Amino acid sequence: MILKGFEDLKSFLAEPKKVVIIGHRNPDGDAVGSTLALKHYLDKKEHQTTVIMPNDSPDFLHWIPGSKEIYKFDKQNRQAQRAISSSDIIFLLDFNALHRVGSDMQNTLEKYSNDFVMIDHHQQPDDVTYMYSDTEICSTCQMVYQFIEMNNDLNLIDHDIATCLYTGIMTDTGSFRFRSTTSKTHRIIADLIDKGAKNDRIHNNIYDANSYNRLLLLGQALSNLQILPSYKTAYITLSDDEKKRFDFQKGDTEGVVNYALSLKGIIFAAIFIEDKEQGIIKISFRSKGNFSVNQFARNHFEGGGHDNAAGGKSDLSLSNTVTKFTSLLNQYQQELETSYEI
Ligand code: 5GP
Ligand code: MN
């Protein structure tokens, strides 16, 4: 755990400030939940806050309180640039390195002359002025709760803040089932329900919001599933044509990789998704036990993340990316065999 400069930050925030809060590109439930929860909290402390995301989140996150006020750097560039240049401080939430916002926004942030605060749970964080980094914590939303707790302000958590925080904790823990879910996480969730988070509604809004096409795309993904029992590995591919056939929308492939990991005996899963627009294959990796997909993604696919959930990309074709992946497995056979006793 790294906690750097928080007493100074407290003094800095003792007077009302113009604050910008930023999440990573392709924001997920934890990025949207944590940035908006922090916004609602800092608003209550009389600050003037703006949340900016590099691009839009999937539709199933648009109901989160405050979501409509988020500036998208790609679409509302002028407003976003203005908010950044007039701000006194910028919070970076749910990402560990400036490149995670994409190159356009990264260029803007690199020219920023005031201080950054990072609150994040990914490994190998960049060094900024104020840091709260803890890779043991399941979600940035839990960290925002603990940040509010450090400021002795838990009494300020209202329905909106509780809803935002519940959402990010729920999505980043796979609904409270990953290893990172602790008794403390459950105590925080209990408190958030007491403070107004409607657990059944939140689950419904996130997980029962499928379009028919999304289910058909899932069907296609499952029929493309390949299993490599000797490596305890399974992977899924989705080509651009398949995405088009089922009217792919942002967020439609979220969670699909977990079906590969749900197979009995499988401890390493990947999904390869062709993105012709960007000219890349976007990859998600998941694992069980000690096999670090963060390291695997860093070493071979220009990515990173957490030990059991990471992402990366490839500039090769879909089939060459899969060939690269499968031919790497041999060198990890020993590790894959012993990483998780089933
Ligand atoms: P997902 O597979 O759901 O896109 O991402 C899983 C985890 O890996 C998330 O915590 C995400 O922030 C991280 N991640 C995804 N893609 C990348 C990437 O290209 N680079 C890095 N450093 N992290 C990534
Ligand atoms: Mn997160």
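A polar contact here is a pair of N or O atoms within 3.5 Å; within protein, one must be able to donate a hydrogen and the other to accept it, and residues adjacent in sequence count only if both atoms are side-chain atoms.

This is a predicted model, in which local features need pLDDT of at least 70 and side-chain atom pairs count only at pLDDT 80 or more, while totals for chains, interfaces and linings use all residues. Residues are numbered from 1 along each chain as its sequence is written, chains are lettered from A and ligands numbered from 1 in the order in which they are written, and side-chain values use heavy atoms, with hydrogens and water left out.

I start with ligand 1. A backbone N or O atom of G311 lies 3.3 Å from an oxygen atom of this ligand. For S284, a polar side-chain atom is 2.6 Å from a ligand oxygen, and for R286 the corresponding distance is 2.9 Å. Taken alone, ligand 1 exposes 490 Å², and the protein buries 79% of that; these areas are Shrake-Rupley values with a 1.4 Å probe, and for residues only the protein chains shown count as cover.

Which strand gives the most to the shell? That is β13, with 4 residues. Strands are DSSP runs of E, at least two residues, and helices are runs of H or I, at least four, numbered from the N terminus.

Next, the manganese ion, ligand 2. Its protein donors are D30 (OD), D94 (OD), H121 (NE2) and D172 (OD), at 2.2 to 2.4 Å. Donors are N, O and S atoms within 2.8 Å of the metal (3.2 Å for Na, K and Ca); water is not among the atoms, so the site may look incomplete. D30 sits in helix α2 and D172 in helix α6, so the pair ties together parts 142 residues apart in sequence. D30 is buried at 0% relative accessible area, and D172 is buried at 17%. Buried means under 20%, exposed over 50%, partly exposed in between (1.4 Å probe, protein chains only).

Last, the aromatic rings. There are 21 aromatic pairs. Rings of Phe, Tyr and Trp (its six-membered ring) pair if their centres lie within 6.5 Å; planes under 30 degrees apart are stacked, over 60 edge-to-face, the rest tilted. F6 and F147 are edge-to-face, 5.6 Å centre to centre with 85 degrees between the planes. F6 is in helix α1 and F147 in helix α5, so this pair joins parts 141 residues apart in sequence. F6 is buried at 11%, as is F147 at 2%.
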